[in-house]
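Biologist: I would like to learn how to read a model like this. Please take me through the features one by one.

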Amino acid sequence: MSSLADYQTKLREFFEANVDTVLKSPNSCLKHPFVDPGSVYDGNLWDWDSFWAVYALFGLVNHKGDPDLKERVLKHAKGNIHNFFDYQLEDGYIPMMIEESDLPEPYLIMKRKQGAVLNMMKPFLCHQIALISGFAGDFEWMRAYADNIERYFACYDKFYYHDNCGLYVWADDVMIGMDNDPATFGRPRFSTANMYLNSFMVSELCAAAQIMKELGYDERSQFYFDKAVQLIDHIQGECWDQRDRFFYSVDVDIKTRKYDWFHVGLGVFWKTLPIKVRTWTGFIPLWAGFATKEQAEQIVQHIRDGETFNSPYGIRTLAKDEKMYNLTPTINPSNWLGPIWIIVNYVVFRGLLNYGYTDDARKLYEKTALLLGRDLEERGTLHEYYIPETGEPVINSGFINWNMLVLNMEDELSGRKSMDDYIHVLLPY
């Protein structure tokens, strides 16, 4: 087995050599250049996947200092946004994924036009716009889309915002990022205010505030910032569990259900019920920056716990002592019931750095580099997710995407710029 330093070098060389495998030319459904995840997802544009791929690619560009590579990556990153807006419907809906196919238009667009209320693009549109614009030092390319951004949020507020509790809900359990999150997977439609959706929405609203400010729309900028602060208040009030010291997704299908003359006294006065399944989504508030220092101290204890989340190769996506813990290879849905995903390692890593837990972040980076380095050394490629106890790959060889974030981890520990700095300022909580 090679040393950590050897793996660092080999991984950087591998990703630099494979950049062009994820920078794709236009196809039958996508008119602009774009970035795909590689592996079985060749030719598909995904919402949060494309954001994190661009996030990692920009880090690689900064490290390498190649102006030609920077120009190519920026062209494809902007192409992601152009492609998504090409398929925005009048009500603001944008699909989560645009696939190359023989259909006259993407499947999700067809279903939406037929009247189905589906999950829409996860809250990474403004994330990616702010990242691209900040990295390029230019927001003007986005001015023509200001109204599109407004309609995107209006669609979220119309179809996915739950007025009673002030949180956002998934329409169903299809393509929710953490595909088989027990807090949403298999549960009734519009019943779950998921920590993934709401935590990333906080930063999405902050990114929108940044974009509007850069474009000179100060009132709209303040509007989105105020929405972010309001959403934080609702997450803190409904999702933080004081007893368990953890952020949980919550059930919003809560109301007094009267029948004849029953239930006419004291009715249901609570707005949500916690779905007490511990998943990695409870750590996202550290990345988004709205956990308090006291909460961060308590959350870090979960991150360190070898009986639940901490493993020899990183952060388990589901606590090991949950009854749903399962490492079965699966796709559609992908398995997030315990396996190691590099995106999770990175989000937790960055959250640890945000709150000053540098030693914990360094250990997590070293685990990640050893995991990917060993896979590359033994198999000549990388995979989508891994077994926590052994580091063995589970499925989908040739996966590039957010696996590149291991380079960001190395750079940030060395004091180089975090891509987060282009997107939003951490909120003072």
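Biologist: What does the accessible surface of the protein come to, and what percentage belongs to carbon and sulfur atoms?

Modeller: Accessible areas come from the Shrake-Rupley method with a 1.4 Å probe; for residues, only the protein chains shown count as cover. Here the surface is about 16800 Å², and carbon and sulfur atoms hold 50% of that. This is a predicted model: local features need pLDDT of at least 70, side-chain atom pairs count only at pLDDT 80 or more, and totals for chains, interfaces and linings use all residues. Residues are numbered from 1 along each chain as its sequence is written, and side-chain values use heavy atoms, without hydrogens and water.

Biologist: How many aromatic pairs does a search of the whole structure find?

Modeller: Rings of Phe, Tyr and Trp (its six-membered ring) pair if their centres lie within 6.5 Å; planes under 30 degrees apart are stacked, over 60 edge-to-face, the rest tilted. The search finds 48. One of them joins tryptophan 52 and tyrosine 346, edge-to-face, at 6.0 Å centre to centre and 65° between the planes.

Biologist: Is tryptophan 52 buried or exposed?

Modeller: Buried means under 20% relative accessible area, exposed over 50%, partly exposed in between (1.4 Å probe, protein chains only). Tryptophan 52 is buried, at 0%. Tyrosine 346 is buried too, also at 0%. Of the 429 residues, 60% count as buried.

Biologist: Which ring does the charged end of arginine 112 sit over?

Modeller: A charge sits over a ring if NZ of Lys or CZ of Arg is within 6 Å of the ring centre and within 35 degrees of the ring normal. Arginine 112 sits over phenylalanine 159, 4.7 Å from the ring centre. Arginine 220 sits over phenylalanine 223, at 4.1 Å.
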